[in-house]
Amino acid sequence: MTESAAPSHFIKEAIEEDLRSGRFNYVRTRFPPEPNGYLHIGHAKAICIDFGMAEAFGGECNLRFDDTNPTKEDTEYVEAIKEDIRWLGFDWGDREYYASDYFEQLYEWAVELIKKGLAYVDDLSPEEIREYRGTLTEPGRESPYRNRSVEENLDLFRRMRDGEFPEGSRTLRAKIDMASGNINLRDPVMYRILHTPHHRTGSKWHIYPMYDFAHGQSDSIEGITHSLCDLAYEDHRPLYDWFLDALGIFHPRQIEFARLNLSYTILSKRYLKQMVEKGVVRGWDDPRMPTLRGMRRRGYPPEAIRDFIDRIGVSKNESLVDVALLEHCVRENLNKTALRVMGVLDPLKVVITNYPEGQVEYLEAVNNPEDPSAGTRQIPFSRELYIEREDFREDPPPKYYRLAPGREVRLRYGYFIKCEEVVKDEQGNVVELRCTYDPATRGGYAPDGRKVQGTLHWVSAAHAVDAEVRWYDRLFTHPTPDDVEEGKSFLDYLNPDSLKILTGCKVEPSLANAPVGARYQFERKGYFCVDPDSAPGKPVFNLTVELRDTWSKIEQTLKK
């Protein structure tokens with residue numbers, strides 16, 4: 001896909017048609033997360049669609065927490081979800097709702113369905129309900145409790161609410177069609193007994209609605225016009241329609257879209273939780289995680305994530321998106337916004353023998369060549385410097401243009417230097433280079449017009465700040481780690497080199513007290529973000545993304 005190509009948007013077209021036809025005269029969407037975990041990049045797609053469609057039509061998007069399962073939910077997740085949505089750049093104003101706000105109304109609607117003969121209390125166990133449901137090729141069987149009288153069902157349901165019965169002993173089920181080709185219509189469970197306090201309603205309730213019963217009615221209560229869901233809910237739509245029609249209440253339109261599948265990435269909440277609990281990662285905000293908290297800690301700008309979501313578009317068909325496109329969007333954003341600095345990750349000492357001892361001069365460095373308003377800064381230059389160890393070869397191969405014995409290179413913003421001597425330790429390891437500099441080449445240009453091919457980044461040894469750098473790579477070695485070979489688990493595809501911790505790195509003094517979350521480009525290395533583990537004078541940097549752009553190469557291939 002070229003950058004100028006606008007992906008098709010069938011949801012937008014459907015909303016336009018609904019407004020033209022008069023089906024609705026306003027647009028209201030909602031984002032309905034369950035507060036049982038942290039949001040990830042897949043949720044970001046839904047957030048961008050839900051809020052983006054409302055914004056495109058001058059409408060509203062509600063935030064509604066699907067808090068119908070108190071055994072898994074917590075206010076910690078509620079606050080984390082709100083923080084992540086705001087970080088992405090969206091706001092729901094005063095329209096923060098909870099399914100638990102509607103428990104009383106949902107209960108009354110359940111009573112109404114019982115009175116209409118469309119719901120009944122069932123004594124089958126969860127295992128028996130599954131057994132009676134049938135299969136995709138065989139119809140289900142009716143429960144022996146299906147034809148209880150309305151009066152008996154009303155009495156039992158009231159007593160379920162009052163907490164008279166043990167968990168799992170009874171459910172309330174819709175009476176639809178046990179022979180339906182859609183298994184979701186085979187008398188689905190509407191309520192189950194749970195003697196678990198709720199994070200908002202406390203111990204008031206002993207029964208809780210199933211998501212399939214709460215979903216459509218909650219949308220109806222809020223006047224949602226367009227209920228935008230991923231394709232997993234397409235087979236549930238006839239059930240939502242059945243409830244709304246049976247109750248005769250406002251009917252939103254549900255539209256499904258393909259969820260996000262990202263290469264080299266796991267987006268299953270269950271698998272992510274497993275990695276956290278097994279200690280495979282350091283937590284939900286580990287920078288290798290696809291959670292929004294992890295991406296924020298790694299230094300991904302929210303604007304880059306939104307740009308990525310815009311580029312992949314909205315479709316009805318499942319597909320695998322190359323993670324290189326996400327990295328390209330991050331890189332493109334940071335190229336325009338991140339300040340350039342110099343950091344040496346594997347330092348090798350350089351002594352400039354003809355530079356005056358004790359002398360320090362300050363050189364002017366550009367903060368961001370893509371943004372003139374970012375200005376310049378002064379960086380110290382002295383007799384002893386650090387360069388990257390990989391920028392020197394004693395026996396250089398062909399087309400190696402960096403430093404070598406007798407060779408001259410340019411120091412970024414500084415001078416030409418020439419390697420005159422190599423100092424080694426007893427084991428033969430190079431520990432120091434002794435070089436000379438040409439004072440006439442300040443700024444990196446020679447008055448006599450001679451050229452050098454290599455330009456190195458560096459830091460002044462006397463002024464360098466020690467830093468830790470956490471070099472991150474993809475968490476998995478396989479492009480589809482959740483599509484595993486028989487006998488293997490997704491954990492078998494973990495990348496053993498997904499994190500390398502580099503200590504003893506040297507960065508320029510301007511970074512000594514860099515604020516947590518600040519993003520920088522380490523020249524010639526990559527983009528980095530200041531980690532919360534940093535301390536005054538002891539910064540910790542996370543690699544956000546390297547400078548090389550795989551997606552640009554892929555894109556060029558696609559254009560040929």
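Contact here means heavy atoms within 4.5 Å. The structure is a predicted model, in which local features need pLDDT of at least 70 and side-chain atom pairs count only at pLDDT 80 or more, while totals for chains, interfaces and linings use all residues. Residues are numbered from 1 along each chain as its sequence is written, and side-chain values use heavy atoms, with hydrogens and water left out.

**Nonpolar cores**

Beyond its neighbours within four places in sequence, Ile85 is in contact with Phe31, Leu39, Ile47, Phe51, Leu63, Phe90 and Trp92. A nonpolar core is a set of buried Ala, Val, Leu, Ile, Met, Phe, Trp, Tyr and Cys residues joined through side-chain atoms within 4.5 Å. Buried means under 20% relative accessible area, exposed over 50%, and partly exposed in between (1.4 Å probe, protein chains only). The largest such core has 51 residues, and Ile11, Ile41, Ile85, Ile305 and Phe308 touch the most other members. Among the elements that each supply at least two residues are helix H1 (10-21), strand E2 (60-65) and helix H12 (323-337). H2 gives the most, with 9 residues. Helices (H or I, at least four residues) and strands (E, at least two) are DSSP runs, numbered from the N terminus. A second, separate core of 33 residues includes Leu106, Ala110, Met160 and Leu172.

**Cysteines**

A disulfide is a pair of cysteine sulfur atoms within 2.5 Å, and the structure holds 0 of them. Two cysteines are listed below.
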